[in-house]
Amino acid sequence: MKLYNTLTRKKEDFEPIEEGKVRMYVCGPTVYNYIHIGNARPYVVFDTVRRYFEYKGYDVTYIQNFTDVDDKIIKKANDENSSMKEVSNRFIKEALTDADGLNVKRATHHPRVTEEMNNVIGMIKTLVDKGYAYENDGTVYYDTKKFDEYGKLSKKNLDELLEGASERVDKDEAKKNTTDFVLWKPYKPGEPKWDSPWGEGRPGWHIECSAMAKKYLGDTIDIHAGGEDLIFPHHENEIAQSEAANGKPFAKYWLHNGFIMIDNEKMSKSAGNFFTVREIAAEFPYEVIRFFILNGHYRSPLNFSRELMQSCQNGLERIKNCNTDLKHYINNAPENGTVDENTEEITQFVIQFEKAMDDDFNTADAIAAIYELVRFINKNNKNNVSKQFAQKEMDVFEKLCNVLGINKEKEETKSDDDEAIEKLIAERTQAKKDKDFAKADSIRDKLSSMGITIKDTRHGVQWFRS
Ligand code: AMP
Ligand code: ZN
């Protein structure tokens with residue numbers, strides 16, 4: 001299995017750090033708005049990467065954060081006269097609604113920076129203690145000159161960066177070097193704040209991912225992923241922070257998706273040329289959006305257009321019709337068919353599919369393999385194959401579609417978050433039995449703040465994400 005590693009600019013064989021396990025971290029969105037189709041690309045692409053590893057038998061721990069402290073969230077809260085927490089809670093819920101619609105599996109954990117402040121501060125402290133960071137008037141900066149390998153991911157040379165930056169006028173006198181970046185910024189009125197050894201304030205953006213990856217996955221992880229706009233400075237800075245603090249390599253493989261474009265320009269919130277997933281989902285089913293994203297190679301630019309969406313809808317329809325027809329066929333098929341059946345023929349499609357996916361997750365070719373399987377199945381239905389053979393076709397068809405997430409699974413695997421929710425529900429049930437209604441209510445409130453609604457029924461408690 002080969003994947004393209006941005007760190008080496010080469011396709012490399014995948015070798016896990018620990019046999020049978022994949023630890024991966026994907027940078028998540030900053031939550032002040034609905035996600036747009038561009039943001040949906042890393043969601044869908046890296047979910048598919050995860051599914052393929054799982055298909056291959058790996059045990060995957062998948063972490064995706066929500067950035068819930070940020071200038072843009074604070075601004076939105078001030079504009080709306082609400083709080084940062086209210087804004088971020090609302091858009092986390094909306095992002096998860098879209099992710100569910102796109103059939104993106106929940107991450108093992110979805111940490112939020114507001115809930116990880118001790119780890120974030122702890123890591124900044126380590127960097128200061130080790131001499132990689134310095135404080136100036138309540139601001140803590142990372143000293144990029146102290147990290148010899150600064151620039152190794154983006155292939156930028158520190159001296160050139162320094163030269164380029166020095167030409168700009170907005171020089172920040174408080175920094176030692178123009179390339180230094182903020183780890184902690186001091187409190188300003190109207191902003192949220194936390195206590196720290198450098199006074200009240202809040203963290204910079206880059207440090208949260210280093211701190212969360214360490215907490216949930218350890219010092220060295222297998223895969224770190226995100227959109228290609230994150231290579232510099234975000235991922236470069238994550239490497240500088242994590243490797244300096246932990247004294248170990250951070251991530252073995254760096255994966256980056258290309259952009260979704262509109263009229264040959266990157267779709268982005270700041271440029272205003274974006275469509276939210278929610279808007280497009282009003283015109284096309286969510287699953288067509290997923291299918292559209294997987295129709296291109298994840299590293300290539302992908303142009304968004306309604307014509308392309310329409311042709312994807314037609315293509316997906318063919319695959320879904322095959323599913324419906326095959327189900328019907330199996331329900332009515334004779335036990336023994338009339339044609340010579342060769343199971344090896346089905347295996348050919350699996351080989352073709354895996355060959356595509358093993359080549360740096362070439363989902364476009366993997367979809368081509370599924371189309372060929374569809375043609376094969378449709379032909380066999382006409383030729384009156386046996387029920388057993390049709391069932392074998394169905395098994396393969398479902399297995400391959402599930403890797404791409406284009407045929408919803410019957411049963412979703414439980415995430416650690418689900419287990420935590422069920423544990424809270426059990427505690428609440430116990431509290432009610434013990435007549436400790438205050439505790440029961442406070443657990444219900446906690447669940448509700450997590451976006452979980454519970455319903456007491458005669459057959460126990462049901463819960464769902466609202
Ligand atoms: P943001 O909320 O802007 O930090 O973006 C969240 C994720 O979406 C990051 O991994 C970005 O790299 C990715 N992203 C943003 N815009 C696009 C785009 N037009 N195409 C593909 N990925 C994007
Ligand atoms: Zn990140």
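These legends accompany close-up views of a predicted model.

**View 1. The zinc site**

Four residues coordinate the zinc ion (ligand 2). The donor atoms are Cys27 (SG), Cys209 (SG), His234 (NE2) and Glu238 (OE). Their distances to the metal run from 2.0 to 2.4 Å. Angles among the four donor atoms span 76 to 128°. The site is classed as irregular, because a tetrahedral site needs all angles between 85 and 135 degrees. Along the chain, the donors are spaced as C-x181-C-x24-H-x3-E.

His234 and Glu238 both sit in helix 7 (residues 231-246). They are four residues apart, so about one helical turn separates them.

The bond from Phe232 to Pro233 is cis. Its omega is near 0°. Pro233 lies in helix 7, the helix that also holds His234 and Glu238. For context, most peptide bonds are trans.

**View 2. The largest cavity**

The model contains three cavities of 30 Å³ or more. The largest has a volume of about 50 Å³. Its lining includes Val45, Thr48 and Val49. Ile293, Leu294, Gly296 and Tyr298 also line this cavity, as do Phe361 and Thr363. Helix 1 (37-55) and helix 9 (286-294) are the elements that each give two or more residues to the lining. Helix 1 provides the largest share, with three residues. By residue class, the lining has six nonpolar and three polar members. No charged residue takes part.

**View 3. The second largest cavity**

This cavity has a volume of about 40 Å³. Pro29, Thr30, Val31, Asn33 and Ile35 are among its lining residues. Asn39, Phe91, Ala95 and Lys269 line the cavity as well. Five of the lining residues are nonpolar, three are polar and one is charged.

Asp137 is not a glycine, yet its phi is positive, at about 55°. Most residues other than glycine have a negative phi. Asp137 belongs to the loop between strand 5 (133-136) and strand 6 (139-142). The residue is exposed, with a relative accessible area of 71%.

**View 4. Asp360, a positive phi in a buried loop residue**

Asp360 also has a positive phi of about 55° without being a glycine. Its loop runs between helix 11 (343-358) and helix 12 (363-382). Is Asp360 buried or exposed? Asp360 is buried, with a relative accessible area of 0%. Asp137, by contrast, is exposed.

**View 5. The domains**

The protein is divided into three parts: domain 1 (2-257), domain 2 (306-404) and domain 3 (418-465). The centres of domain 2 and domain 3, taken over C-alpha atoms, are 43 Å apart.

Methods. Residues numbered from 1 in each chain as written. Chains lettered and ligands numbered in written order. Predicted model: local features only at pLDDT ≥ 70, side-chain atom pairs only at ≥ 80, totals over all residues. Heavy atoms only, no water. 1 Å grid on protein atoms, 1.4 Å probe; cavity = no way out; pocket = protein on both sides within 12 Å on 5 of 7 lines; lining within 4 Å. Points joined across faces, edges and corners; volume = space filled by probe spheres on them. Nonpolar A, V, L, I, M, F, W, Y, C, P; charged D, E, K, R; others polar. Donors = N, O, S within 2.8 Å, 3.2 Å for Na, K, Ca; no water. Tetrahedral: all angles 85-135°; square planar, octahedral: opposite > 155°, others 65-115°. Buried < 20%, exposed > 50% of the residue type's maximum accessible area, 1.4 Å probe, protein only. Domains from an automatic or database assignment.
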